[in-house]
Amino acid sequence: MFALACLLTACASAPPRTVTPYAPGLPPSEGTELGRLTAGFRYDPDGMSGARVLPQAAFALDARLALIRRARSSLDLQYYLLGNDKTGKLIARELRDAAARGVRVRLLLDDFYTTGLDPMLLGLAAHPNVEIRLFNPFAAGREHAATRWLSFATDFHRLNHRMHNKLFIADGALAVVGGRNLADEYFLRASGANFIDLDAMLAGPVVAELQTIFDNYWNSEVVFPLHDIVQSTRPPDELRRRFDAIAPAAQAPPPPDPPESDMFGEPPVSTAIAQGKLDLSPTRAAAIADSPDKALVDTDSDDPHRRRPPTVAERMRAQLDHARSEINIISPYFIPGEEGMNHFAQLRARGVRITVATNSLADTDEPLVNINYNRFRVQMLKLGISLYEVSSEQMKRSLNLRKIFRESRGALHAKLALIDREWALVGSLNFDPRSAYLNTELGVRLDSYDVAHRLLEAFQIDNVESVYEVRLKPVHGFDPVGDDGRREHRARRGAGRQCAGAAEAAAVLVVRAHRPALAPWPAAPATSTRYPASFVDRTARRSQLPWPKRTLTAQTLLQRMRGFSWMRVS
């Protein structure tokens, strides 16, 4: 073992990187179907992009599969995790088929969760038109989790820096961003834990910004061609046959067709493309991303070329300063830290209402994160911040939710900030120190009344039976709130006292959500100084369409979604 440790220590650093010419993305073209469908947004006189929110898992997976199958020039995928499961193998197989049609496929993966994936990746990369690169890779001990962890320990400073971005670009014309990785649990296909998540599909000028972000990562010095890290003596034909054996249709079948319409009355993306019409909400959009070498550069260097640019977390905090009335934050991992608490205090002093929804300790997949979040609960409640926590046990008590989740555990994974009910920040960023300082992240600001209110509708956190509201309560008082409330109170009161400290006369009480945290919809603006007149006209026309967004609540949605492959409401 000592000899193995010494060997891994010697080999832990990344090997020399093959010098490759700069490879840019391919521009959109009206010679492709996706290019023609989105041409109106690329040439919009007001510079508006188009957006469609995808909170439902079945529709999010359908969108990705439809874009792969309809692509004709290029596919650029950048992900933190590609699962060695039904969904991961299905995506890999679809990428292979796209490459066989002549589509240029570029797949960029963070290397942290690629244990056991090398044979599939080598087989996929053996196909013409496919290139795979790895972000900040493990150079030694790749085959087994134990040896990877040993490598991680011996090269901690480098390997602790991960690429958390999630980005999907088809033909340079359409992009998908959000919180979902390419694995079963992000699309309600896992038998264990499944995630409540969110994506947005985008068209127009923002896709060009996202393409530039992808190209910066693809050509970065911390990104390595797969064959620099994983070598094989097998000939390409054998690698391709091995890929066919690893990812056959029998082991990774396509999902069932999604329902005819989503919660907003929109058809699946596959259907919309087949009909030749994509109904996207006009929005001002801007994409931001961390530098690929975010954690490896000096933040205070005197040399401007070596100084780290502002991070996504820093720029997001700056965006929150523009809030006038309210901020709604949804994050699976929420640790505000002292700096964040000071920021919240300044916002509350201006009268900005703040609502936060996150996972409960029992339901998070990162319990250490939740323990650190608990340290700040009392302080946030004393500032007047509304806190909500997701409970999978309560989900299973609901007839509708039990049918959807069966025996699996549901946890929140969406990353979203809604400001003043007018604009939103969507992407991969968690509100925790790892996202702020170590991992690279990607986010998109969507400035649109229509998009913001669709997101508000999708995440009505207080109108479903799976959410508890966290409140302050005197330590020695006890006001039971039903049987569920009493059990939850007993489970958490000790943690509340620890958060408050021995001298504090307050504890945390977790009760079922009864009052709405989000007020009813305001009327659509008849005029606006924030948007061009053409945008206001288009938004007004969309608000008159016969889809049920103005009457549908999360509770009635759940009653209507029997058989839907979705329960991503929190």
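Leaving aside neighbours within four places in sequence, Leu77 touches Ile91, Leu95, Arg106, Leu107, Leu108, Leu167, Phe168, Leu182 and Phe214. Contact here means heavy atoms within 4.5 Å. The model is predicted: local features need pLDDT of at least 70, side-chain atom pairs count only at pLDDT 80 or more, and totals for chains, interfaces and linings use all residues. Residues are numbered from 1 along each chain as its sequence is written, and side-chain values use heavy atoms, with hydrogens and water left out.

**Nonpolar cores**

Leu77 belongs to the largest nonpolar core, which has 70 residues. Leu67, Leu75, Leu77, Phe168 and Met201 have the most contacts inside this core. Helix H4 (residues 57–70) supplies the largest share, nine residues. A second, separate core has 48 residues, among them Val177, Leu210, Ile213 and Val426.

A nonpolar core is a set of buried Ala, Val, Leu, Ile, Met, Phe, Trp, Tyr and Cys residues joined through side-chain atoms within 4.5 Å. Buried means under 20% relative accessible area, exposed over 50%, and partly exposed in between (1.4 Å probe, protein chains only). Helices (H or I, at least four residues) and strands (E, at least two) are DSSP runs, numbered from the N terminus.

**Aromatic rings**

The structure holds 13 aromatic pairs. Rings of Phe, Tyr and Trp (its six-membered ring) pair if their centres lie within 6.5 Å; planes under 30 degrees apart count as stacked, over 60 as edge-to-face and the rest as tilted. Two edge-to-face pairs are listed here.

| Pair | Centre to centre | Between the planes |
|---|---|---|
| Phe112 and Tyr113 | 5.0 Å | 85° |
| Trp149 and Phe152 | 5.4 Å | 75° |

Phe112 is buried at 17% relative accessible area, and Tyr113 is partly exposed at 40%. Trp149 counts as exposed at 52% relative accessibility, while Phe152 counts as buried at 11%. Trp149 and Phe152 are three residues apart in helix H7 (residues 145–154), so about one helical turn separates them. One aromatic cluster is formed by Tyr80, Phe112, Tyr113, Phe138, Trp149, Phe152 and Phe156.

**Charges over rings**

The charged end of Arg148 sits over the ring of Phe138, 5.0 Å from its centre. The charged end of Arg445 sits over the ring of Trp423, 3.6 Å from its centre. The test asks for NZ of Lys or CZ of Arg within 6 Å of the ring centre and within 35 degrees of the ring normal.

**A loop glycine**

Gly102 lies in the loop between helix H5 (86–100) and strand S3 (104–110). Gly102 is partly exposed, with a relative accessible area of 42%. Gly102 and Ser74 are 28 residues apart in sequence and 8.7 Å apart in space, C-alpha to C-alpha.
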